Amino acid sequence: MVVTHPTTGDQLNIGLDVTSLPRLRQALEAAESSGCDFVLAPLVHPRYARPVELTPSPSFDAPHPPPIVRSDPLTRSDVELSSAEWQSGIIGKVSPWINTASSSPVVRAASEAAFREEVAYATHLGVRALVVDAPAGNGVRGAGLANYGRCIASALASGMQVASVEPWAVWNTVRTLCDNHANLGLALELSSELPSPGALDRWAAEAIRVVIMPTSSYVTNRVGYPVLSRRHQELIKLLFKYRPFFALSGRPAAVKGGDGMRPYVQYLAHLFGKQPPPSEAEAFEGPYYDYLQAPLQPLADNLESATYEVFERDPVKYERYEEAVRQALLHRTSMALASALPPDIGGGPTPAEAAAAAENGTAADGTDGTSAKDSTIVVMVLGAGRGPLVRATLRASASSRIPVRVVAVEKNPNAIVTLRNAALDDPAWSCVTVVSGDMRCASSSTTARADIVVSELLGSFGDNELSPECLDGAAALLKPDVISIPASYTSYLAPLSSARLHREVRGLGAGDTPFETAYVVRIHKGVTAAPSVPALTFVHPSDGGSNERHVEAAWVAAETNVIHGFAGYFEAVLFGDVGISIRPETASLGMFSWFPIYFPVKTPVLVAKGGTVRMHLWRRVGGGRVWYEWALAEPAVSAVHNVGGKSYSLGLTTG
């Protein structure tokens with residue numbers, strides 16, 4: 001019986017891992033009576049081990065697989081279950097005696113022949129997957145491990161889903177030998193002692209298909225029920241997000257809650273049912289997990305209505321922007337009030353007094369401050385879209401009781417329709433002027449110069465949607481002492497291990513282009529090898545200098561891992577102490593307007609625990625384009641990716 005979450009409807013598959021199946025249907029019925037919905041079991045009868053005598057090979061370069069001399073069947077008949085029952089109720093296991101990594105040519109040849117036979121039968125049955133034990137002894141290295149990986153690769157070529165049980169270093173070697181095949185997964189066996197949190201994060205980022213949970217990994221609580229330790233609980237809750245199959249193994253202890261495995265199944269189901277429903281951000285992100293998206297071409301492309309609608313639902317971003325505008329209005333007004341007062345030998349108002357007076361709507365000398373406020377603050381929204389920042393500005397004006405004049409500049413003619421209708425229909429927009437056109441060319445369209453400029457031109461990497469070029473191009477619209485929101489933003493980089501994303505990039509086509517493009521992606525099956533570090537910083541208003549940048553970034557790997565590229569994030573200071581961030585270490589909780597950016601590398605590299613990862617990244621500008629170039633410098637040197645923007649660039653021309 002599949003366990004269903006009471007709120008979300010998500011399903012959890014729990015099964016039994018058994019060593020043999022004398023009666024297949026009875027085993028399935030026993031599993032179902034325990035609350036399980038599948039059995040993890042050997043497909044071939046344990047007595048059907050191949051003899052190890054070899055026939056001579058005519059070429060003498062390799063032994064022949066030994067002939068089958070018995071006339072009895074390989075295993076039970078496939079008609080014992082229906083095709084649907086084989087496919088939904090059974091996950092197969094390769095016979096434990098098979099050792100394709102053996103140093104003995106006799107054992108190895110017999111094992112290879114049996115392995116091929118069992119894979120063929122599993123394919124015939126249509127079982128969900130086939131679990132293969134990891135090589136043991138000398139088989140975990142050298143020629144033995146290579147032969148094991150070759151046999152796994154041959155099984156994958158037949159279309160079989162294979163899950164391998166092995167230590168991480170062995171798993172990584174086998175995965176590489178199998179060319180990171182999409183049908184290769186991991187069967188992760190949990191013990192009573194768990195490795196370090198970093199090692200667990202590394203495992204969780206892998207393609208886990210099956211989680212094997214021995215009853216020995218449980219403990220008995222004070223009242224006699226089987227439970228998991230706190231660390232085990234946290235790991236299981238993390239694994240729930242990846243939806244593997246959970247298989248219980250071992251002998252049940254004498255515990256409360258029922259006979260056999262039922263108490264253990266019920267506890268897993270209990271943990272699953274306690275999982276909170278996804279937040280609004282998680283519900284939004286779910287369909288985009290590990291889905292590669294090309295970054296926006298902000299000047300060449302115009303967003304569609306549905307895209308605007310999605311991003312306007314962000315519950316955090318516009319609250320932060322509203323607070324930043326409110327503080328900027330108070331600051332601007334307090335400075336104006338302070339400068340309007342004559343010098344006083346006894347001392348004028350302090351900045352704090354002026355700010356308080358501005359918030360109360362009075363001058364610092366106790367008057368109504370009318371003369372100081374005759375000049376209404378001009379707030380210019382650059383890239384206004386359908387108006388969410390305009391509305392945030394109007395709310396900030398109302399809450400601070402500081403009147404404003406708003407100029408909304410937008411290049412998308414379709415969004416202009418929405419803005420102009422709002423200006424006609426909403427009385428609160430009576431102070432709003434809508435300007436159609438590229439902000440870099442809008443100086444002839446409006447005579448108002450901005451006291452405060454507000455924009456949401458940021459991309460996943462901060463500057464990757466051309467915020468620096470757009471805001472610099474709008475300098476003619478701004479007063480010399482303009483306040484910019486955001487005031488600054490910094491991109492961050494972290495080395496990323498994600499075989500899943502690397503495989504997705506490779507699937508986009510041949511040649512260099514897929515690996516020389518940066519992608520926006522909600523990283524799900526991936527882990528950073530070290531915390532993120534600062535990369536590129538931009539401050540507004542700028543000093544008019546070059547927007548080209550270069551950074552050499554370095555990290556120390558927390559665990560041995562494979563680097564498949566680099567994850568990029570940003571932090572932005574909107575105004576004062578108000579900011580937004582998608583950097584994992586400082587992320588704005590609940591904000592979903594941006595996913596990380598992914599810079600892939602063509603050839604993944606292995607880095608040892610404590611080893612250095614070093615890379616270079618350049619932001620280049622020229623020929624009406626902006627692009628990034630990047631290269632790995634340590635632990636191996638890679639070619640520079642995207643030289644001259646040959647595969648990926650951002651155009652500076654309005655579409």
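Mentor: When I talk about contact or covering, I mean heavy atoms within 4.5 Å. This is a predicted model, so to speak of local features we need pLDDT of at least 70, side-chain atom pairs count only at pLDDT 80 or more, and totals for chains, interfaces and linings use all residues. Residues are numbered from 1 along each chain as its sequence is written, and side-chain values use heavy atoms, with hydrogens and water left out.

Trainee: OK, helix α7 then. Which of its residues are buried?

Mentor: In α7, residues 230-240, the buried ones are H232, Q233, L235, I236, L239 and F240. Their arc around the axis is only 165°, which puts them on the same side of α7. The arc is taken from the directions from the helix axis to the C-beta atoms. Buried means under 20% relative accessible area, exposed is over 50%, and partly exposed is in between (1.4 Å probe, protein chains only). Helices (H or I, at least four residues) and strands (E, at least two) are DSSP runs, numbered from the N terminus.

Trainee: And what covers those buried residues of α7?

Mentor: The cover includes β2 (11-17), α6 (197-204), β8 (208-214), β11 (245-249) and α8 (262-273).

Trainee: Let's take β8. How many of its residues are buried?

Mentor: Six of its seven, so β8 is mostly covered. The chain gets there from β7 through α6, and that β-α-β crossover is right-handed. Right-handed here means that, with the strands pointing away from the viewer, the path from the first strand over the helix to the second runs clockwise.

Trainee: Which way do β7 and β8 run, parallel or antiparallel?

Mentor: Parallel, with four bridges joining β7 (residues 184-189) to β8. Two strands pair if DSSP finds at least two bridges between them. A187 stands opposite V210 in β8. β8 also pairs with β11 in the parallel sense, over five bridges, and there M213 has L248 in β11 as its bridge partner.

Trainee: A187 made me think of V131. What does V131 touch?

Mentor: Leaving out residues up to four places away in sequence, V131 touches L40, I91, G92, K93, V94, A163, V165 and A187. V131 is in strand β5 (residues 130-133) and counts as buried at 2% relative accessibility.

Trainee: What about H524, buried or exposed?

Mentor: Buried, at 16% relative accessible area. H524 lies in the loop between β18 (519-520) and β19 (527-528). Not counting residues up to four places away in sequence, H524 touches K241, Y242, Y289 and D290.

Trainee: New topic: the open sheet. What's the strand order?

Mentor: β21-β25-β26-β27, with antiparallel pairing. β21 (549-556) and β27 (650-651) are at the edges, each with a single partner strand, so one side of each is left without a neighbour in the sheet. Eight bridges join β21 to β25 (residues 612-622), and H550 has W618 in β25 as its bridge partner.
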